Amino acid sequence: MFGIFRGKKSRASPAPPAGPERLVVEGPDGLIVTELTFDRFSSLRISVRPGGVVRVRAPIGSDMAFVRGSVQARAEWIARHVARLAGMRPVRMLAYVQGEKHALLGREYVLDIRPPEAGCPRGVRLEGESIVVRLRDADPGRVRRALDAWYLDQSRAVFARVLRELWPRVAGYGAARVAGLKVRAMTSRWGTCSRAGVITLNRHLVRAPLVCVEYVAAHELCHLLYFGHGADFKALLTAVMPDWKRRRALLRRSLTL
Ligand SMILES: [Zn+2]
């Protein structure tokens, strides 16, 4: 049988990738359009993405009436999160084009891509309200790589300084020294602290206001003494940074991954 088809181009197109279906429910202020996909997980999950996109993931074989009812039951929650996230520009959706706004320590700068000039070295630097990127080729991929490297330098310098400044606050409670600082692009968290005392901070955090960077740094520094997020941990964090909840709220409003 195989031989019959050899060398012939199959006319049947491959099965299209299972793209999302639209599921529309009634929201408190109008219709809510969601993207529905099916997967092998055993429970129905709803998430609101930066930009206000609503995703519904349901177990394969779910009854549609059940799916619709479950989403409808969460309509108010969805609408609230859509309103919060609709205006937010996630880091991962940046286009790296002329005139786009990029944040550094909570301040917005306009991306200005210019060709190299005599006396103006290639690379990235702040000039007034702009982040000037001098490149021969304004291809967004190249701009992104240049900016990524520059943001990484900025974040390393800022994070190291903040950790150095805040460490004495936890040292007074008996914390060991920070064993090391790593800076990484992470997609779901701002920082971690290993049991060995190595603190990893998300490189994108440098886009948030300094008070938010300090909050994440203080949080991770408290992990030098308490690994979990129990009452002891919270008491220590409150002692070293009494307004940490306000800073966390500002971080959530300022930046999204
Ligand atoms: Zn933590």
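Me: What share of the contacts with a separation of 6 or more comes from residues 24 or more positions apart?
Reply: This is a predicted model, in which local features need pLDDT of at least 70 and side-chain atom pairs count only at pLDDT 80 or more, while totals for chains, interfaces and linings use all residues. Residues are numbered from 1 along each chain as its sequence is written. Two residues are in contact if their C-beta atoms, placed from the backbone, lie within 7 Å. Among the contacts in the protein with a separation of 6 or more, residues 24 or more positions apart account for 49%.

Me: Is Val-143 buried or exposed?
Reply: Val-143 is found in helix α4, which covers residues 140-171, and, leaving aside its neighbours within four places in sequence, Val-143 is in contact with Tyr-96, Ile-113, Val-133, Leu-135 and Ala-138. A residue is buried if 20 or more other C-beta atoms lie within 10 Å of its own, exposed if 12 or fewer, and partly exposed in between, with C-beta atoms placed from the backbone. Because Val-143 has 22 other C-beta atoms within 10 Å, Val-143 is buried.

Me: Which strands are at the edges of the open sheet of four strands?
Reply: The order of this open sheet is β1-β2-β4-β3, with mixed pairing, where two strands pair if DSSP finds at least two bridges between them. Strands β2 and β4 run parallel and are joined by six bridges, whereas β3 and β4 (residues 54-59) run antiparallel and are joined by four bridges.

Me: Which residue in β4 is the bridge partner of Ile-46?
Reply: Between β3 and β4, which run antiparallel, Val-48 stands opposite Val-54 in β4. For Ile-46, the bridge partner in β4 is Val-56.

Me: Which word describes how α5 lies to α6?
Reply: Helix α5 (residues 210-222) and helix α6 (residues 231-240) pack at an angle of about 135°, with their axes 9 Å apart; axes are lines fitted to C-alpha atoms, for helices over the stretch in contact, and angles run from 0 to 180 degrees between N-to-C directions. Angles under 35 degrees count as roughly parallel, over 145 as roughly antiparallel, 65 to 115 as roughly perpendicular and the rest as oblique. The angle of about 135° therefore makes α5, relative to α6, oblique.

Me: How many nonpolar residues are in the contact of α5 with α6?
Reply: In this contact, Ala-218, His-219 and Cys-222 of α5 meet Phe-233, Leu-236, Leu-237 and Val-240 of α6. Ala, Val, Leu, Ile, Met, Phe, Trp, Tyr, Cys and Pro count as nonpolar, Asp, Glu, Lys and Arg as charged, and the others, Gly among them, as polar. The contact of α5 with α6 has no charged residues, one polar residue and, as the number asked for, six nonpolar.

Terms used: Helix = DSSP H or I, 4+ residues; strand = E, 2+ residues; numbered from the N terminus.
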